[in-house]
Amino acid sequence: MLPAELRPTPLELAASVVVGWDPPDPLPAVPPALTPLDALEEALVPALDRGGCLVAFSGGRDSSTMLTVATRAARRRGFADPIPVTLRFPGAEGTDERDWQEDVVAHLGLSDWRRIELTDELDLLGDVARDVLLRHRCPWPANGHSFEPLYAAARGGTLVTGMDGDGLLDGWQWAHTAALLARRRRPVPRDVLRLAKAYGPRALRRAATVRRERPFAALDWLTDEARQSITRLWADYVGGEPARWDRRLRWYPGQRYLRALAALMEANAAHHGAAVLHPLLDRRFLAAVARAGGRAGFANRTEALRALTGALLPERTITRRSKADFTWAFWGPESRRFAETWDGTGLDPSLVRAHRLRAAWLAPKPDFRSASLLQTAWLASRGLDG
């Protein structure tokens with residue numbers, strides 16, 4: 001079970017977001033010569049040294065980076081090559097990443113690659129998901145059970161993930177302003193407001209976020225009171241993100257969602273007799289990236305990856321923009337059946353409009369942000385709290 005301070009609240013589950021920040025320990029001092037790539041290699045050594053190092057590999061940029069750097073580290077240090085392990089969903093629309101995956105594996109010359117084919121095993125309310133829900137009673141993240149086949153494959157060894165590459169390299173709200181100050185783009189009239197928000201008092205940042213009511217405006221199953229409450233919490237949280245890249249990297253590890261997700265993944269991996277490693281969260285790596293990016297950070301995700309991996313990755317992987325869509329791998333027959341028969345009970349009516357939530361679940365393409373509430377309602381139907 002998660003510690004109480006890390007468990008998502010009913011309001012956070014309704015909005016599908018975990019907010020909050022606590023001051024993290026300072027990032028370590030690292031030698032000036034330590035590059036982000038070297039630091040990332042060092043972070044991977046414990047998994048390679050232990051033996052049985054598997055890399056959760058989807059073919060996306062983060063997992064491709066992990067596999068590539070792990071392979072480089074293994075060959076430079078005399079360890080066995082890491083083994084990519086991939087989930088495939090032949091019947092699920094939008095999940096086919098084979099071309100991207102095969103390109104990277106061939107580029108690295110890896111001979112061992114484990115591919116696990118699934119149909120509806122990862123249904124949000126299928127047997128795998130229910131087992132995890134009953135184990136932790138934490139319906140967040142709603143797709144957390146998707147790693148279960150990977151943990152099982154890594155039994156006795158370590159599963160390496162590219163966890164939160166999006167949050168680390170794409171999630172900086174001040175990137176546009178930093179690019180202006182670094183003269184990487186031309187100014188536009190709106191930049192006056194952006195600069196005021198970035199470098200003004202925190203109260204100004206909070207007020208601007210509340211006015212926009214993003215990203216919760218589209219969640220029409222929230223009551224007005226719930227939307228206002230989560231927007232205020234979100235504004236307080238994101239208002240604390242520094243406008244300098246190097247300071248942001250020191251702030252980054254204190255985010256509550258990262259600590260909660262890491263704790264859940266560690267517990268689930270241990271259940272299968274495996275360890276799990278998230279090198280992008282390694283503190284020496286973060287310190288090296290903070291120094292490499294300086295005040296203004298990197299021009300974009302592509303330039304950040306080049307700084308991290310040099311020319312190790314195939315160019316088309318570095319510049320990739322597309323992402324797979326795994327919606328249909330999760331909204332399977334058990335989820336649809338529960339949604340169709342749900343009587344509207346089990347959720348707090350002060351937070352959720354039941355009829356609109358049920359409509360979201362039964363939409364032709366359900367909004368995945370409603371998935372935690374599906375699992376919460378299922379737990380409640382069995383007399384259990386989420």
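Predicted model: local features only at pLDDT ≥ 70, side-chain atom pairs only at ≥ 80, totals over all residues.

Author: Residues are numbered from 1 along each chain as its sequence is written, and side-chain values use heavy atoms, with hydrogens and water left out.

Reader: How do you know that the radius of gyration of the protein agrees with that of a compact globule?

Author: The radius is taken over C-alpha atoms, and the globule rule is 2.2 Å times the number of residues to the power 0.38. For 386 residues a compact globule would have a radius near 21 Å; the protein has 21 Å, and therefore the two agree. The C-alpha trace spans about 60 × 50 × 35 Å along its principal axes.

Reader: What makes up the secondary structure of the protein?

Author: There are 20 helices and 5 strands. Helices (H or I, at least four residues) and strands (E, at least two) are DSSP runs, numbered from the N terminus.

Reader: Why are α2 and α3 called roughly perpendicular?

Author: Helix α2 (residues 36–50) and helix α3 (residues 61–77) pack at an angle of about 75°, their axes 9 Å apart. Axes are lines fitted to C-alpha atoms, for helices over the stretch in contact, and angles run from 0 to 180 degrees between N-to-C directions. Angles under 35 degrees count as roughly parallel, over 145 as roughly antiparallel, 65 to 115 as roughly perpendicular and the rest as oblique. The pair is therefore roughly perpendicular.

Reader: Why is Thr309 called buried?

Author: Buried means under 20% relative accessible area, exposed over 50%, and partly exposed in between (1.4 Å probe, protein chains only). Thr309 has a relative accessible area of 1% and is therefore buried. Thr309 is found in helix α15 (residues 301–309). Of the 386 residues of the protein, 52% count as buried.

Reader: What does Thr309 touch, not counting residues up to four places away in sequence?

Author: Thr309 touches Leu37, Thr65, Val69 and Ile318, where contact means heavy atoms within 4.5 Å.

Reader: How do you know that Leu308 is buried?

Author: Leu308, also in helix α15, has a relative accessible area of 1% and therefore counts as buried. Beyond its neighbours within four places in sequence, Leu308 is in contact with Pro36, Leu37, Leu169, Phe285 and Val289. The C-alpha atoms of Leu308 and Pro36 are separated by 5.5 Å, although these residues are 272 apart along the chain.
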